[in-house]
Amino acid sequence: MPRAAVGRNSCIAEEAFGRLSETEDHLLAERKVGKITGFLEYEREDRDYEPVERRIRHWREFVLPLAERDYVTQAARCMNCGVPYCMGTGALAPGTPGCPINNQIPDWNDLVYNGNWEEAARNLHSTNNFPDFTGRICPAPCEASCTLNIDENPVTIKSIECAIADHVIARGLKPEPPAQRTGKKVAVVGSGPAGLACAQQLARAGHEVHVYEKYVKAGGLLRDGIPDFKMEKHHIDRRVVQMQAKGVVFHYGVHIGVDLEAKKLVEDYDAVVLTGGAEKSRDLPLPGRELKGIHFAMDYLPQQNRRVSGEKANDGESILATGKHVIVIGGGDTGSDCIGTAIRQGALSVTNFEIMPAPPPHENKLLTWPDWPVKLRTSSSHKEGAEREFAVNTTAFSGDDGAVRKLHCVRVDDRFKPIPGTEFEIRTELVLLAMGFVHPVHEGMIKGLALELDRRGNVAATTDDYKTALPKVFAAGDMRRGQSLVVWAIREGRQAAHAVDKFLMGSSMLPT
């Protein structure tokens, strides 16, 4: 099949906005910034939050956007950096920190400053399939790498990204089918950010793409694990409709390896991409773990998301924090999401324990910049009323009538060794385990295909070609790299699509 059918119109630029100007060709060229002295003239101004007492009474997003003119001013603060570290690995300086998907941040900041929102959207979509997702939930490593962050005053990159996406998407997504179909069929297993990005890129290349999702709606962790107050699910629904209009077929309620043998996909498709995520939660096997009221975060959060969407919460026990003293074990994003959810459900109290020592409030910029620093990060959920304690290790659970009533703990030193005499107990009726994920679930699909695993239990594949040890089977996202950020999943989905396209056609015009 001639590759001319897969040109830049369908492969690089977001189909909603037409052809992208030759942004790739001037990655290394001198950048022109509309307001050279903008960073000297304007102070950083970012989006604000709805007041705590109001936002905890609903499940909607509570970030308050800036006025359009304010985004223009903020974009003007972007400097004409010799090396824009914000753009991240492999763009101008391979191996540097910053944006994992290499967003051309100075370019679209300049476009916003000059009022060219549509060209900014074309540029942004050339590297990021879903800026409406990342503009809401990404921790913004780009801002940590911003030159202005040396002075604790980085450009509001994340907010500008979200504004670009929302500004243009509000005018309507207009999918354009590829100029020519390749006749190749690809199955993508899992519809999280890696699977969606991979499917969209492969559809742009002209392949027939089928996405298999075990739940009733697409989104993976985006839909099930991230609360609506951080990202409402209509953003996912809108992208699914866009992809369907481009020819992507979604198969819901099909659990590969359980409802359908994975080997059947390998037989029926020209290529199979595994993007099922890292769903095996880290457990805390202590005395009393069998008591009722102790749950994994990913048993708790999806229930509430489904209540918000009007779906049936689950087929088993309903997990609610209403009227309970809640303990969240784990200090990461998932723990923060549990905190915000429990507070909105009406918990009497929420306490967050982290075994790591408290990080410093501020980093030493001379030592850390432009890397992502270790420092104390306080999320919006933490500010809603949770108590946080660091360097606390749980030693046991206890209760009565088969239900948890107490958590037994001890304080630890920086080597996680118990400090004698610091033992304590705390009352609880609900314990949420949010200590991360260890690897993909091995039962079912992975064992059915007898896939090789790396030393951490993830599906073994390299970023060179994303191929597993099984012919025509690829793996990407958290299933391959382990628990990570949404933006990394998008990167891997895009790169895997390039690898699959090259495998099927001998070459690929899809970006890497």
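## Backbone features

Pro370 sits in the loop between helix H16 (365-368) and strand S11 (387-390). Helices (H or I, at least four residues) and strands (E, at least two) are DSSP runs, numbered from the N terminus. The peptide bond from Trp369 to Pro370 is cis, with omega near 5°. Ala391 is not a glycine, yet has a positive phi of about 55°. Ala391 lies in the loop between S11 and strand S12 (392-400). Most residues other than glycine have a negative phi, and most peptide bonds are trans.

This is a predicted model: local features need pLDDT of at least 70, side-chain atom pairs count only at pLDDT 80 or more, and totals for chains, interfaces and linings use all residues. Residues are numbered from 1 along each chain as its sequence is written, and side-chain values use heavy atoms, with hydrogens and water left out.

Two packed helices are described by the angle between their axes and the distance between the axes. Axes are lines fitted to C-alpha atoms, for helices over the stretch in contact, and angles run from 0 to 180 degrees between N-to-C directions.

The axes of helix H4 (residues 68-75) and H5 come within 8 Å and cross at roughly 135°. H4 is therefore oblique to H5 (under 35 degrees is roughly parallel, over 145 roughly antiparallel, 65 to 115 roughly perpendicular, the rest oblique). The crossing of H4 and H5 is left-handed (the near helix is turned anticlockwise from the far one by less than a right angle; clockwise is right-handed). Tyr71, Val72 and Ala75 of H4 meet Asn109, Val112 and Tyr113 of H5, contact meaning heavy atoms within 4.5 Å. This contact has five nonpolar, one polar and no charged residues. Ala, Val, Leu, Ile, Met, Phe, Trp, Tyr, Cys and Pro count as nonpolar, Asp, Glu, Lys and Arg as charged, and the others, Gly among them, as polar.

The axes of helix H6 (residues 117-125) and H9 come within 9 Å and cross at roughly 110°. H6 and H9 are therefore roughly perpendicular to each other. H6 passes H9 in a left-handed crossing. H6 gives Trp117, Glu118, Ala120, Ala121 and Leu124 to the contact, and H9 gives Glu161, Ala163, Ile164, His167 and Val168. By class, these are seven nonpolar, one polar and two charged.

H5 and H9 pack at about 60°, with their axes 11 Å apart. Their crossing is left-handed. Ile105, Trp108, Asn109 and Val112 of H5 contact Ile157, Ile160, Glu161 and Ile164 of H9. Six of these residues are nonpolar, one is polar and one is charged.

## Cavities

The structure holds five cavities of 30 Å³ or more. On a 1 Å grid over the protein atoms alone, a cavity is a set of points where a 1.4 Å probe fits but cannot get out; lining residues have an atom within 4 Å of a point. Grid points are joined across faces, edges and corners, and a volume is the space filled by probe spheres set on the points.

The largest cavity has a volume of about 110 Å³. It is lined by 14 residues, and Cys78, Cys81, Cys86, Cys146 and Thr147 are the closest to its centre. Helix H5 (residues 105-113) gives the most to this lining, with three residues. The lining has 11 nonpolar, three polar and no charged residues.

The second largest cavity has a volume of about 80 Å³. Of its 14 lining residues, Cys99, Asn103, Cys138, Cys142 and Glu161 are the closest to its centre. H5, helix H8 (141-145) and helix H9 (157-169) each give two or more residues to this lining. Its residues divide into 10 nonpolar, three polar and one charged.

Methods
On a 1 Å grid over the protein atoms alone, a cavity is a set of points where a 1.4 Å probe fits but cannot get out, and a pocket is an open set with protein on both sides within 12 Å along at least five of seven lines; lining residues have an atom within 4 Å of a point.
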